[in-house]
Amino acid sequence: FLATHENIHTISTMEEITSYIYNIDESAYVTIDDLDIAMLLSQKVSADLWGEGPKVLIFHTHSQEDFVDSVPGDPEDTIVGVGEHLAEILAEKYGISVVHDIGSYDMIDGRLVRGSSYENMEPAISKILDKYPSIEVVIDLHRDGVPDHIHLMEKIDGKDTARIMFFNGITKYNDKGVPVEMKELENPYITENLALSLDLYLNANELYPGLARKNYIKPYRYSLHFKPMSMLVEVGANTNTVKEAMNAMEPLAEIIVKTMSQNDYGEVSDTP
């Protein structure tokens, strides 16, 4: 069973939701009310992608994430290079103005420090959004980490392509069955984030079956609080090649554009 817009109305129980749409980390407190499919689908998921000024921001909280065959010290072989490829596709193929931030928020004094990277990126990303108030879509692009025997790859249009995953933070953790709100991590856009990632996942399944892994939910906020249309995307993992990750950017761009350019009736607006 592959969840799509056509059949998602048949999914109603938490067991079905977690079987076909979501992986929920045991540390997160999530109920069926949080994942009310009808409610999420009723949310407006769209953006003005072709108006004046930059419309999309791509950045990398974990800029040093690389791949199995990455050349050490070459940023083009890291998730940053993958992000640059996505930015080029959005700009050149779809005519969308993109800002690609290549700040290294997981490096301090030349050392890899992941623990504070989300705090480190906050002022820089806020400054970019202040500078470009026209930005409507914020993409934090990552790659996942998996054991060596796992290879997240699918054949897409005949190409070996890293699988993608849309990631959510719910700012509520599970303390032995009791929900604990993470009030210090305010995010007024959780419902919009969930609605966006759900629509992205369904469009991925319709356009490129097998490309998207189930959406993942953990506690915390991550980088999803800047705009209603914020997404955190995992592109493959440490066991994928650079080429497999790069190959995922054409389909990801199409999925994003289709999702964000829908009007209120679910129809896709004409691109310029």
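Reader: Taking buried to mean under 20% relative accessible area, with exposed over 50% and partly exposed in between (1.4 Å probe, protein chains only), what percentage of the protein's residues count as buried?

Author: Of the 272 residues, 51% count as buried. This is a predicted model, in which local features need pLDDT of at least 70 and side-chain atom pairs count only at pLDDT 80 or more, while totals for chains, interfaces and linings use all residues. Residues are numbered from 1 along each chain as its sequence is written, and side-chain values use heavy atoms, leaving out hydrogens and water.

Reader: How many helices and strands does the protein have?

Author: There are 7 helices and 13 strands, where helices (H or I, at least four residues) and strands (E, at least two) are DSSP runs numbered from the N terminus. The radius of gyration, taken over C-alpha atoms, is 18 Å, close to the 19 Å of the globule rule (2.2 Å times the number of residues to the power 0.38) for 272 residues, so the protein is as compact as a globular protein of that length.

Reader: Switching to helix packing, at what angle do α3 and α7 cross?

Author: The axes of α3 (residues 79-92) and α7 (residues 249-260) cross at roughly 50° and come within 9 Å. Such axes are lines fitted to C-alpha atoms, for helices over the stretch in contact, with angles running from 0 to 180 degrees between N-to-C directions.

Reader: Okay, new topic: where is Met229 found, and is it buried or exposed?

Author: Met229 is found in strand β13 (residues 229-237), and it counts as buried at 6% relative accessibility. Setting aside neighbours within four places in sequence, its contacts include Lys44, Val138, Leu196, Met260 and Glu136. Met229 and Glu136 are 93 residues apart in sequence, yet their C-alpha atoms are 6.6 Å apart in space.

Reader: What about Asn193, which helix is it in?

Author: Asn193 is found in helix α5 (residues 190-207), and this residue is buried, with a relative accessible area of 2%. Not counting residues up to four places away in sequence, Asn193 touches Asn168, Asn187, Leu224, Lys227, Pro228 and Ser230.

Methods: Contact means heavy atoms within 4.5 Å.
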